Amino acid sequence: MTEIATALDLSPQQWQSYHQATIPPYQADLERWRRGWQLARVLANLLRQQFGATRVAVFGSLNSPDWFDAHSDLDLAVWGIHPTRFYQAVAAVTAVTGSIILQ
């Protein structure tokens, strides 16, 4: 029968090995965060130019590189788009982001 170990049973070397295997390197998350901001700027420009958005704000995990990771999405609040163009704007943003993975 296999003995079950808990985190308290791990040696410092085992803990380090486990920690490195389960947590992505900070540098990779930082680069992902930078690409997220680049994409947010592209989307904000698209919404302003094509749909008349008067303001676009980022909220959520993109506001801090400490919060943004491989499971994060881009949260945008948008003002000024006429209600009749809302779904067109959603489709345009989806078309841009549909094939982009920030990993």
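This is a predicted model: local features need pLDDT of at least 70, side-chain atom pairs count only at pLDDT 80 or more; totals for chains, interfaces and linings use all residues.
Residues are numbered from 1 along each chain as its sequence is written, and side-chain values use heavy atoms, with hydrogens and water left out.

The protein chain has three helices and two strands. Both are DSSP runs, numbered from the N terminus: helices are H or I with at least four residues, strands are E with at least two. From the N terminus on, the order is α-α-β-β-α. Of the 103 residues, 21% count as buried. Buried means under 20% relative accessible area, exposed over 50%, and partly exposed in between (1.4 Å probe, protein chains only). The accessible surface comes to about 7700 Å² (Shrake-Rupley method, 1.4 Å probe). Carbon and sulfur atoms hold 57% of that surface. Among contacts (heavy atoms within 4.5 Å) with a separation of 6 or more, 63% join residues 24 or more positions apart.

S61 lies in the loop between β1 (55-59) and β2 (75-79). Its relative accessibility is 16%, so S61 counts as buried. Leaving aside residues up to four places away in sequence, S61 touches W67, F68, S72, D73 and D75.

T97 belongs to helix α3 (residues 86-97). T97 is partly exposed, because its relative accessible area is 25%. With residues up to four places away in sequence not counted, T97 touches L39 and L43. T97 and L43 are 54 residues apart in sequence, yet their C-alpha atoms are 8.7 Å apart in space.
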